[in-house]
Amino acid sequence: MAILALRGVTKAYSKDGGAVTVLREATLALEPGAFVALRGPSGAGKSTLLWIAGTLLAPDAGEVELAGQRPYALAQEARARLRAKEVGFVFQQFHLVPYLDVRENVLAATVASGGDRDAAEHRAAELIERFGLTGRTHHLPSELSTGERQRTALARALLNEPRLLLADEPTGNLDPVQADAVLMCLSDFAKQGGAVLMVTHSLESAARAERTWSLSEGRIVEAVSAPAQG
Amino acid sequence: MVWREIAHRKLNFVLGMLAVSIAMASLAGAFTLLESYRLRTELFVAERRAEVEADAARMEDDVRKITKNLGFNVLILPRDQNLADVYARGFAEKTMPEEYAKRLANTELITVNHLLPSLTRKLVWEEQKRTIVLVGTRGEIPILQRSEKKPILDAVPKGKIVLGYELHRQLGLQPGDTVRLQGREFKVHKNHPARGNQDDITVWIDLAEAQDLLEMPGRINAILALQCNCATVDRMAEIRAEISKILPDTQAVEFQSQAVARAEARKLATAKALQDVERERKLQEQTRRDREALAAWLVPLLILASAAWVGLLVFGNTRERVAEVGVLRALGWRSAQIVWLFMAKALAMGAFGAGAGFVLGWALGAAWGEADLRAAFDPKLLGACLVLAPLLAAIASWLPAQRAAGQDPVAVLRED
């Protein structure tokens, strides 16, 4: 069963008194273990698709199914719970909370899920160690390198053990070495049974994905198929 | 997370706390000042009242001592004698037995020092063709149970006559001269100086001779009791009670005494002083009411201004934290959790502001009200501040917090 399924999703924005349709009956399905890169020119609707998939933006039409539930049929609070439990976000700008240290930023995700605090602490320590941040546990984001910030954001995204990881240009601000480390993490996540949908402009990053799709006139088309690299 | 954010944006928190502190300081200060003022007024009135009462007690004691030493005079008259006639005529028309004077003297009458029985009549001095007042007097009657005292008035010896000023002046009589009165011969014993009253046309002779002359044997119409002393302030009532026990068919009136006037003056002085104290109390009460009226609009105004300021600060804080809130929403934080982020900060702002404001207001209020700091401390007021300030801050933050919680995370992420 697909972790994420979009069927005939349409989304339009109003602009200058008219409507600009960015997604036209977009359809996709992400099975466990899928690592998909989504490419397309700026304004093609890549981020919109990601937000719809992440239950942040309701489509105008079509159907979204996440972990067997229809998030947009749920009340806002229930949808937030579903998001906290099933979805992890990684952003190009990291979006760490500036006044929390690495450990606290990672643990911020557990507030949303309402999970067991001790278990969360334990998992946070594991993730911090796994991403090579042990020496930075009590450092603020302003004291970290960009790579460390992105790894912190990754640890935060993985804390609640989601089944879907949505990454929006996760390597956009990173040097090749740091980018490689992040892509390795995403790949590992997919290999462990999760599904990854990564928006990227970078061909190199896309090449690390199992499959690459592109958005053309609001529709998803399979662009290139490439074997996942470990 | 709330404490981390407070530590991260100290200025925002300090400004909010300052606003709450000012509001709570004004509240605590106003109440403490009013309470200090009330305590001071109570103390002042109690002190003044005690002072006046002590003065009154001292005056009462002084009066007792003074009047005890001075003594005063009482006129004992027949019970059926109309006092109006006595005042109009200058003497009593009715008579009573001379024996009454002896009875008084022979009892344990502790309040009277001297007893002078007399018989007085107005008559025409036939030999001189003029109206005179004839007074028969026998001098003092010795009082039983008393050590002998120097007589306050000398008796007129038998066969002698004492003349008032107008009589001896107009008749040219000198001590030692012989004069006839209603057919009897008397030798002038003494001439009185001018007194400017009825005494100037009065003739004094021995009581027995007067009774004989007026054909009223054994009768008198007054007993003058001189230098009456009592331990208590209400002496007249005490003397009346004593005399009425011994001579039931007589009446006693105060005669040429200033003691009553003095006592009245003392009472008036005390009443006046108490009135002054009461007036001062009312004045201070009025001042207190005026200050209460001022506080009644000033304090709520400051509280509202403070609430508005806290609301603005929280609103500014939500704008600063748009990206943070958007990402937290993306992570799955629910609206209530976002609202709590801001409300908890506002509650902390209110609680710290309440503590600081209370201490400031309490200290200033007590200092201004010149009250003891501990006496002016009101735990209920502290409790009210600790409840009111966080509540106020929470109410003021409610709308900005709701606005923050309702923001669209996509709008934030779109900025990337």
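Hi everyone, let's start with a pair of helices: the crossing of H3(A) and H5(A) is right-handed. Keep in mind throughout that this is a predicted model. The axes of H3(A) and helix H5 of chain A, residues 146-158, come within 7 Å of each other and cross at roughly 30°. On the H3(A) side, the residues that meet the partner are A:Val102, A:Asn105, A:Val106 and A:Ala109, and on the H5(A) side they are A:Thr152, A:Ala155 and A:Arg156. Sorted by class, that contact has four nonpolar, two polar and one charged residues.

Now stay on H3(A) and look at another partner. Helix H3 of chain A covers residues 102-113, and it packs with helix H4 of chain A, residues 117-130, at an angle of about 130°, with the axes 10 Å apart. That angle makes H3(A) oblique to H4(A). The crossing of H3(A) and H4(A) is right-handed. From H3(A), the contact takes in A:Val102, A:Arg103, A:Val106, A:Leu107 and A:Thr110, and from H4(A) it takes in A:Arg117, A:Ala120, A:Glu121, A:Ala124 and A:Ile128. By class, we get six nonpolar, one polar and three charged residues in the contact of H3(A) with H4(A).

One residue here deserves a stop: A:Glu121, which sits in helix H4 of chain A. Is A:Glu121 buried or partly exposed? Its relative accessibility is 26%, so A:Glu121 counts as partly exposed. If we leave aside neighbours within four places in sequence, A:Glu121 is in contact with A:Arg103 and A:Leu107.

H5(A) brings A:Gly147, A:Gln150, A:Arg151, A:Leu154 and A:Leu158 to the contact, while H6(A) brings A:Gln178, A:Val182, A:Cys185, A:Leu186 and A:Phe189. Those residues divide into six nonpolar, three polar and one charged.

Let's turn to the cores. In soluble globular proteins, nonpolar side chains tend to be buried together. Which residues touch the most other members of the largest nonpolar core here? Out of its 88 residues, they are A:Leu4, A:Leu6, A:Leu30, A:Leu164 and B:Met24. The largest share of this core is 13 residues, and that share comes from helix H10 of chain B, residues 335-368. Take A:Leu6 as an example: setting aside neighbours within four places in sequence, A:Leu6 is in contact with A:Ala26, A:Thr27, A:Leu28, A:Leu49, A:Ile52, A:Ala53, A:Glu63 and A:Val64. Apart from that core lies another one, of 36 residues, and its members include A:Val102, A:Phe131, A:Ala155 and A:Cys185.

Finally, a few words on chain B as a whole. Chain B has twelve helices and eleven strands. How much of chain B counts as buried? For its 416 residues, the figure is 45%. And among contacts in chain B with a separation of 6 or more, 80% are between residues 24 or more positions apart.

Conventions:
Residues are numbered from 1 along each chain as its sequence is written. Chains are lettered from A and ligands numbered from 1 in the order in which they are written. This is a predicted model: local features need pLDDT of at least 70, side-chain atom pairs count only at pLDDT 80 or more; totals for chains, interfaces and linings use all residues. Side-chain values use heavy atoms; hydrogens and water are left out. Axes are lines fitted to C-alpha atoms, for helices over the stretch in contact, and angles run from 0 to 180 degrees between N-to-C directions. Helices (H or I, at least four residues) and strands (E, at least two) are DSSP runs, numbered from the N terminus. Angles under 35 degrees count as roughly parallel, over 145 as roughly antiparallel, 65 to 115 as roughly perpendicular and the rest as oblique. A crossing is left-handed if the near helix is turned anticlockwise from the far one by less than a right angle, and right-handed if clockwise. Contact means heavy atoms within 4.5 Å. Ala, Val, Leu, Ile, Met, Phe, Trp, Tyr, Cys and Pro count as nonpolar, Asp, Glu, Lys and Arg as charged, and the others, Gly among them, as polar. A nonpolar core is a set of buried Ala, Val, Leu, Ile, Met, Phe, Trp, Tyr and Cys residues joined through side-chain atoms within 4.5 Å. Buried means under 20% relative accessible area, exposed over 50%, partly exposed in between (1.4 Å probe, protein chains only).
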